[in-house]
Amino acid sequence: MSVLELTKDNFDATIASGDTLVDFWAPWCGPCKMQSPIVDAFAAAQSAVKVGKVNTDEQMELAQKYGIMAIPTLIAFRDGEVIAKKTGLSPAGEIEAMFK
């Protein structure tokens, strides 16, 4: 499944049903650049989990709404509700575990 670019306009509709992984990141963030290919690989390997990315520089409202204090931060949603949150660089196994 491809990675979606999430904004305040499509965020709620995207996370509303099913499982969704959201990567909060910024272009200047070194660890975010290392996290990105891991998230992309997770998205490619998953058919049941939607994956989206939120550029915190452009979507400050979403970052504030979800209390993003450091990036990268990954949040797992199930039917619009937060089920797990990880801050810092996360390996693939930890991302998969967020949905178990």
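1. A quick word on terms before the sheet: two strands pair if DSSP finds at least two bridges between them. Please keep in mind that this is a predicted model.

2. Strand β4 covers residues 73-78 and pairs with β5 in the antiparallel sense, over six bridges. Within this pairing, Leu74 stands opposite Lys86 of β5.

3. Stepping back, the whole sheet is open and mixed, with five strands in the order β1-β3-β2-β4-β5. Its edges are β1 (3-5) and β5 (81-87), each of which pairs on one side only. On average, neighbouring strands are turned by 25° against each other, direction ignored.

4. Next, the helix that covers these strands. Helix α2, residues 30-45, lies across β1, β2 (19-25), β3 (49-55) and β4. Relative to β3, α2 runs at about 155°.

5. Now to the packing. The largest nonpolar core has 16 residues, and the members touching the most others are Phe11, Val22, Phe24 and Tyr66. At least two residues of this core come from each of α1 (11-15), β2, α3 (60-65) and β4. In soluble globular proteins, nonpolar side chains tend to be buried together.

6. Phe24 deserves a look of its own. Beyond its neighbours within four places in sequence, Phe24 is in contact with residues including Phe11, Val54, Leu62, Tyr66 and Ile75. Thr56, Pro72 and Thr73 are also among its contacts.

Definitions and conventions. Residues are numbered from 1 along each chain as its sequence is written. This is a predicted model: local features need pLDDT of at least 70, side-chain atom pairs count only at pLDDT 80 or more; totals for chains, interfaces and linings use all residues. Side-chain values use heavy atoms; hydrogens and water are left out. Helices (H or I, at least four residues) and strands (E, at least two) are DSSP runs, numbered from the N terminus. Axes are lines fitted to C-alpha atoms, for helices over the stretch in contact, and angles run from 0 to 180 degrees between N-to-C directions. Contact means heavy atoms within 4.5 Å. A nonpolar core is a set of buried Ala, Val, Leu, Ile, Met, Phe, Trp, Tyr and Cys residues joined through side-chain atoms within 4.5 Å. Buried means under 20% relative accessible area, exposed over 50%, partly exposed in between (1.4 Å probe, protein chains only).
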